[in-house]
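Open the model in your viewer and keep the sequence panel beside it. The stops below say what to select and what is found there.

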Amino acid sequence: MSKKIDSVDIRPTVGYLSILPSISYKAWYAIAEFVDNSLQSYLDNKTKLKKIHSSSWKLRIGIYITKSKIQIIDNAGGIAEKDYSRAFRAAARPQNREGLSEFGMGMKTAACWFSPVWEVKSKAFGESVQKTVKFDIAKIVKDDIEELDIKEIPAKRDQHGTEITLFQLRRGHEGPTKKKIKDHLASMYRFYIKKNEIEIRVNDEKLEYKMPPLLHAPFFHEVGVVKNNKKIKWYKNISFKYANSKIANGFAGIFDEGNIGFAKTKYAGFNLFRRNRLIKGVGENEGYRPQEIFGNPQSHSYQRIFGEIHLDDQEVSHTKDEFLWDDQELVEFIDKLKKSLQKSDVNIFEQAKNYRLDRRSRDIKIQTSEGLDGAIKLAPTALKILQESKIPKQVEGPKEKPKPKDKEVRRKQLKYEGYVWNFEIILNYDKNERDWIQVYEKGNRTKDITITVAMGMGFTQQYFGSKPEEVEGMLALIEYIALAEIVEKDRGTSKAHAIRMSLNEIIRQLPPDLGY
């Protein structure tokens, strides 16, 4: 007779560590776990540290990234003797779960994701030794090691701080990833940086965060129409309750699109915070933009509204890169956020939809002047391309209209001199297209006309813009060129095609540098 089992061991085994490299993670969120620990150590020991140093003393975190290793060094309070058994055990949550280190998984998860071999040196304020613990994941898993030796060396009691070194990196982080790490950390910890409580450096570059410029303009109560000429600062504080007792507070604003050197698409959407640390909305085009408020990606609202919202009562994932919602509370949150944007004279919701730039303004004129400077420099190269290109006097149109796989189509019936033209525009998103504008024409008096525009070419990607009226203007210009060619051909002009074909040749040979 088998013995009755009264309990089951559910403690995580060391094999759990070997799985961590496979989780879905981004380098900046992983680095942020170390910053969270440093920051929480500072907050826990803030009074003592400022007392022994000065009231102006602040937390400093240095992050050093090379091809083979990453180091994170801080001058915070260090890991105390009483916290060692918990700090290095997987999924052991701290007693204080109200801070930034609430899951007891951050350092272990991030370190194992980055590296198979890593080391922690720490000296706690008030203790007389510096401790070192080294993790070799392959050895730990192979030998089923459940305890690691701590190496100690004497140290001064007022010395404090932690140094984490990640060796043999699994992934490279020196190129674009390093820039993203800098941008994301500056954004994540903006509150502490702005209060001058924390200084973060990545390879000795000090991280800074700048508030995007705000729009000062009259209220446009209809599209392009102002109620009066009084200018308003398009910024408002937001505070409301949702899901019975949860609180959301922060601000919303509209970008100043006319501000020189400001790329609004980088900042659009809301940044969602928890305990003054950014959780959602980190990086370009990552802002929180629910469709009920922002509409589709081509809308003005999608490109203009931004803000910060603090959700200290909302649960987050253990990787701290996403909020956890149930359907009902999310619907209520979005509804109340939208109503907050619509309240009072600072109606951000309507202004974002209806506001139109005054292209006669000083800043817009300056930007237009800069664009003119760039365009005039392209003229010599364009002329050289035309000089070397020979456009045939006669050209046969395509026998079949283009059939791109990735496309968008619009159709309309037109009347010309009493005859019907079935007019069609195709936006061709196929990447291998080499003709910017193609014209297909079938019929004599009654015609089927198709104009195809190569949306994947560099010229289109660079200069079409992102707002509906910008795209409309460029497509209208293409439409006018194609229609003028067809009409001139009907009138007997023998080389009506030459302008379009010359234009295609220039755009094919003189693409803008998109930085790929």
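**Start at a loop**

Select lysine 320, which sits in the loop between strand S17 (305–310) and helix H10 (327–342). Helices (H or I, at least four residues) and strands (E, at least two) are DSSP runs, numbered from the N terminus. Lysine 320 is not a glycine, yet its phi is positive, at about 55°. Because its relative accessibility is 6%, lysine 320 counts as buried; buried means under 20% relative accessible area, exposed over 50%, and partly exposed in between (1.4 Å probe, protein chains only).

The model is predicted: local features need pLDDT of at least 70, side-chain atom pairs count only at pLDDT 80 or more, and totals for chains, interfaces and linings use all residues. Residues are numbered from 1 along each chain as its sequence is written, and side-chain values use heavy atoms, with hydrogens and water left out.

**The whole chain**

Now zoom out. The protein has 15 helices and 21 strands, and buried residues make up 46% of its 516 residues. Of the contacts (heavy atoms within 4.5 Å) between residues at least 6 apart in sequence, 68% join residues at least 24 apart.

**Helices H2 and H6**

Select residues 27–52 and 176–188. These are H2 and H6, which pack at an angle of about 50° with their axes 9 Å apart. That angle makes H2 oblique to H6. Angles under 35 degrees count as roughly parallel, over 145 as roughly antiparallel, 65 to 115 as roughly perpendicular and the rest as oblique. Axes are lines fitted to C-alpha atoms, for helices over the stretch in contact, and angles run from 0 to 180 degrees between N-to-C directions.

Show the side chains next. From H2 come Ala27, Trp28, Tyr29, Ile31 and Ala32; from H6 they meet Thr177, Lys180, Ile181, His184, Leu185 and Met188. By class, this contact of H2 with H6 has eight nonpolar, two polar and one charged residues. Here Ala, Val, Leu, Ile, Met, Phe, Trp, Tyr, Cys and Pro count as nonpolar, Asp, Glu, Lys and Arg as charged, and the others, Gly among them, as polar.

**A five-stranded sheet**

Which strands form the open sheet, and in what order? There are five, in the order S13-S14-S17-S15-S16, with mixed pairing. Two strands pair if DSSP finds at least two bridges between them. The edges are S13 (235–242) and S16 (277–280), each pairing on one side only. Direction ignored, neighbouring strands are turned by 30° against each other on average.

Two residues lie between the strands of the S15–S16 hairpin, where arginine 275 takes a positive phi near 55°.

- Glutamine 130 is in strand S4 (residues 129–136) and counts as buried at 18% relative accessibility. Among the residues it touches are Lys121, Lys151, Glu152 and Gln159.
- Asparagine 196 lies in the loop between helix H7 (190–194) and strand S7 (198–202). Its phi is positive, about 60°, although it is not a glycine; with a relative accessible area of 46%, asparagine 196 is partly exposed.
- Asparagine 229, between strand S11 (225–226) and strand S12 (232–233), counts as exposed at 65% relative accessibility. Its C-alpha atom is separated by 5.4 Å from that of proline 218, 11 residues apart along the chain.

Definitions and conventions:
Lists of a residue's contacts leave out its neighbours within four places in sequence.
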